[in-house]
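Please read the following with the model open beside the text.

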Amino acid sequence: MDFNNKRIELICKLKKEGYIKSGHIEQAFLKIPRENFISENFHNFAYADNPLEIGYGQTISAPHMIAIMCEELNLKKGQKILEIGSGSGYHAAIVSKIIGKDGHVFSIERISSLANFAKKNLIKSGVKNVDIIVGDGSIGFNEKAPYDRIYITCASPRIPLILIKQLKDPGKMIVPVGNVICSLTSLEKIEGKVILNNLCGCAFVPMIGKNGY
Ligand code: SAM
């Protein structure tokens, strides 16, 4: 299978559709092979712009959703990021390339087998600046707070207050708010104030945990 051409075709489509706007985000998508983050059974669909099963009732997100979140977060080199919901590790890998080797992603996953899957996939893809931690991300990860950016990749009943506390000022966060069918909500913390913005509708698996379902 010619994954390289398929990857380029998908990136062209995401640019044409307006999901990828920035050169550094395009470069990150080019550098990370999505086929490394899914089982061989799904290799034919590695570059379809759809979520795919990764086991345990969970999914790897659709590339356009990852692009929307990366663009909205206004990621910069050297930033410290918190991801809730590692899944396959693909989204974290894309973010790791955007923030560069001086940046770091701390990613929390509640299912330990998926955390191991993500770790293996990241090693296979040569990604070194992502730490996968098993735990309940609905309470964040206070050990490494505060974060420049926080994003949740599962559906949350509300924006967890504890995560707003773990965000730097200024800082940005994205949360799919809802139960499977969600409103993708961006939050900006600036001079002690919080500004919310609804970006679009989306669908995510539920966040299970203390501040989740
Ligand atoms: N970002 C992932 C990727 O690139 O493959 C996709 C994530 S998947 C849509 C959502 C993930 O959130 C699942 O792996 C699920 O187990 C995880 N999850 C759900 N509730 C969680 C919680 N409270 N803490 C950490 N992870 C959680």
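The paragraphs below take up these parts one after another.

This is a predicted model, in which local features need pLDDT of at least 70 and side-chain atom pairs count only at pLDDT 80 or more, while totals for chains, interfaces and linings use all residues. Residues are numbered from 1 along each chain as its sequence is written, and side-chain values use heavy atoms, with hydrogens and water left out.

Begin with the strands, which, like the helices, are DSSP runs numbered from the N terminus (H or I of at least four residues for helices, E of at least two for strands). Seven of the strands form an open sheet with mixed pairing, in the order S5-S4-S3-S6-S7-S8-S9; two strands count as paired if DSSP finds at least two bridges between them. Strand S5 (130-134) and strand S9 (193-203) each have a single partner strand, so these two stand at the edges and one side of each is left without a neighbour in the sheet. On average, and with direction ignored, neighbouring strands of this sheet are turned by 15 degrees against each other, where axes are lines fitted to C-alpha atoms (for helices over the stretch in contact) and angles run from 0 to 180 degrees between N-to-C directions.

The pairing can be followed from strand to strand. Strand S3 (residues 80-84) pairs with strand S6 (residues 147-152) in the parallel sense over four bridges, and Ile81 has Arg149 of S6 as its bridge partner. S6 in turn pairs with S7 in the parallel sense, over four bridges, and here Arg149 has Lys172 of S7 as its bridge partner. Between S7 and S8 the sense is antiparallel, with nine bridges, among them the one that joins Asn179 to Ile181 in S8. The hairpin of S7 and S8 has one residue between the strands, and Val180 there takes a positive phi near 70 degrees. At 38% relative accessibility, Val180 counts as partly exposed; buried means under 20% relative accessible area, exposed over 50%, and partly exposed in between (1.4 Å probe, protein chains only).

Helix H3 (residues 63-73) lies across S6, strand S7 (167-179), strand S8 (181-190) and S9, and runs at about 150 degrees to S7. H3 is mostly covered, with nine of its eleven residues buried, including Met65, Ile66, Ile68, Met69 and Leu73. Asn74, in the loop between H3 and S3, has a positive phi of about 50 degrees although it is not a glycine, and at 39% relative accessibility it counts as partly exposed. Helix H5 (residues 112-124) lies across strand S4 (104-109) and S5, at about 165 degrees to S5.

Turn next to open space. The largest pocket has a volume of about 490 Å³, and of the 36 residues that line it, Thr59, Thr153, Cys154, Phe204 and Val205 lie nearest its centre. Strand S2 (58-60), H3, S3, helix H4 (90-99), S4 and S9 are the elements that give two or more residues to this lining. The lining divides into 18 nonpolar, 14 polar and four charged residues; Ala, Val, Leu, Ile, Met, Phe, Trp, Tyr, Cys and Pro count as nonpolar, Asp, Glu, Lys and Arg as charged, and the others, Gly among them, as polar. A pocket is an open set of points on a 1 Å grid over the protein atoms alone, where a 1.4 Å probe fits, with protein on both sides within 12 Å along at least five of seven lines, and lining residues have an atom within 4 Å of a point. Grid points are joined across faces, edges and corners, and the volume is the space filled by probe spheres set on the points.

Leu187, in strand S8, is buried, with a relative accessible area of 1%. Leaving aside neighbours within four places in sequence, Leu187 is in contact (heavy atoms within 4.5 Å) with residues including Ile159, Ile164, Met173, Val194 and Leu196. Cys200, in strand S9, is partly exposed, with a relative accessible area of 27%; with the neighbours within four places again left aside, Cys200 is in contact with Ile68, Cys182, Ser183 and Leu184.

Finally, look at two prolines. The peptide bond from Ala145 to Pro146 is cis, with omega near 5 degrees, and Pro146 is found in the loop between S5 and S6. A cis peptide bond also joins Asp169 and Pro170, with omega about 5 degrees, and Pro170 has its place in strand S7.
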